[in-house]
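Hello,

Here is the structure I promised to pass on. Please have a look, and then read on for what turned up in it.

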Amino acid sequence: MTRPLTDTLAADIHRYIATQGLGAGQRLPERALAEQFRVSRSPIRRALERLAVERVVEARPEGGYVVTEAAMRLPREQAEEAYGAASEDDVYFRIARERLAGLLPDRFTESEFMRRYGVTRGELAAILRRMAQEGWAERLPGHGWAFLPTLASAEAYGQGYRFRLMLESGGILEPSFKLDREALLQCRAEQEALVAGAVHTASPAYLFDANSRLHETIAACSGNAFILDALKRLDRLRRLMEYQKAVDRQQAERRCREHLVLIDLLLSGQREAAADFMRVHLRQAAIEKQAGPHDVGGAGD
């Protein structure tokens, strides 16, 4: 029998809390979770209501949900055993590393990957679903899977940042720019939680998602669909490259603090200053991430 979507999402969100370094009191925006799991907000809301009954999350008087202290009492090892997250994450990042290293063919079958990585069909299905959701693999119409193009060279990576310098700062100055205050405030809460300490324990995947979510939210405010589409495509291409970079937690925290400055400039209507700040912010991030053969500062921006 197929597992109800609410149950599946509740388990996915619980695993997400346990493995992504989320602390007690950290907000769980419906919009962000809907994007993370590629569903509408309605099933996310039902899953959060289920988790609230189990005291994994709690509703806030002003709306929305936050992680509870009770969720933190579940030992990480127990959570990983319950949800299979550690094994899935290990295999997921191993596939990413081996793909970038040129060790995997462009096309593959599930049977080949089950043998190579020693996982069950169900475990592999979850990993492949995540890869497809994040845009670096897709199921072929007939049989098997194929990897999609990614940024795989330092030159292409640098070109991506130079493109973003023009794209994102220009988007803030678009005549059609319209501030999505609610979405920016949700991003602000997420960045505040990272600055408050979560940045030092969050996984590279979580940092990448949180930071790219902010930049894509600002791009969406531009009102220019081409700007948002271009940024989303570029984020998909650079995801694996970001995963390969050692995360400098101090740099990551500083960039999160810069995100708060950027958000506040936008919320206060200072678009010219925000566009200038975006250029400086991205230029510095690009310099830090192209420091050498063992680049640091990955998983975001």
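Helices (H or I, at least four residues) and strands (E, at least two) are DSSP runs, numbered from the N terminus. With that in hand, Ile263 lies in helix H13, which covers residues 249-267.

A word on the source: this is a predicted model, in which local features need pLDDT of at least 70 and side-chain atom pairs count only at pLDDT 80 or more, while totals for chains, interfaces and linings use all residues. Residues are numbered from 1 along each chain as its sequence is written, and side-chain values use heavy atoms, with hydrogens and water left out.

Let me stay with Ile263 for a moment. Its relative accessibility is 0%, so Ile263 counts as buried (buried means under 20% relative accessible area, exposed over 50%, partly exposed in between, with a 1.4 Å probe and protein chains only). Leaving aside residues up to four places away in sequence, Ile263 touches Leu184, Cys187, Arg188 and Leu214; contact here means heavy atoms within 4.5 Å.

Two helix pairs are worth a look.

The axes of H13 and H14 (residues 271-289) come within 9 Å and cross at roughly 165°. That makes H13 roughly antiparallel to H14. Axes are lines fitted to C-alpha atoms, for helices over the stretch in contact, and angles run from 0 to 180 degrees between N-to-C directions; under 35 degrees counts as roughly parallel, over 145 as roughly antiparallel, 65 to 115 as roughly perpendicular and the rest as oblique. The H13 residues that meet H14 include Leu262, Leu265 and Leu266, and among their counterparts in H14 are Phe277 and Met278. By class, this contact of H13 with H14 has 9 nonpolar, 4 polar and 5 charged residues (Ala, Val, Leu, Ile, Met, Phe, Trp, Tyr, Cys and Pro count as nonpolar, Asp, Glu, Lys and Arg as charged, and the others, Gly among them, as polar).

H10 (residues 181-195) and H11 (residues 204-221) pack at an angle of about 150°, with their axes 10 Å apart. H10 is therefore roughly antiparallel to H11. Among the residues that meet are Leu184, Cys187 and Leu194 in H10, and Leu207, Leu214 and Ile218 in H11. The contact of H10 with H11 divides into 9 nonpolar, 3 polar and 2 charged residues.

Now for the sheet. Three strands form an open sheet in the order E3-E5-E4, with antiparallel pairing; two strands pair if DSSP finds at least two bridges between them. At the edges are E3 (107-108) and E4 (137-139), each of which pairs on one side only. E4 and E5 (residues 145-147) are joined by 3 bridges in the antiparallel sense, and Arg139 has Trp145 in E5 as its bridge partner. Helix H8 (residues 121-133) lies across E3, E4 and E5, and runs at about 45° to E5.

Finally, two single residues. Glu30 lies in helix H2 (residues 30-37) and is buried, with a relative accessible area of 13%. Beyond four places in sequence, Glu30 touches Arg41, Ile44, Arg45 and Leu48. Arg55 sits in the loop between helix H3 (41-53) and strand E1 (57-59), and is exposed at 63% relative accessible area. The phi of Arg55 is near 65°, a positive value in a residue other than glycine.

Best wishes
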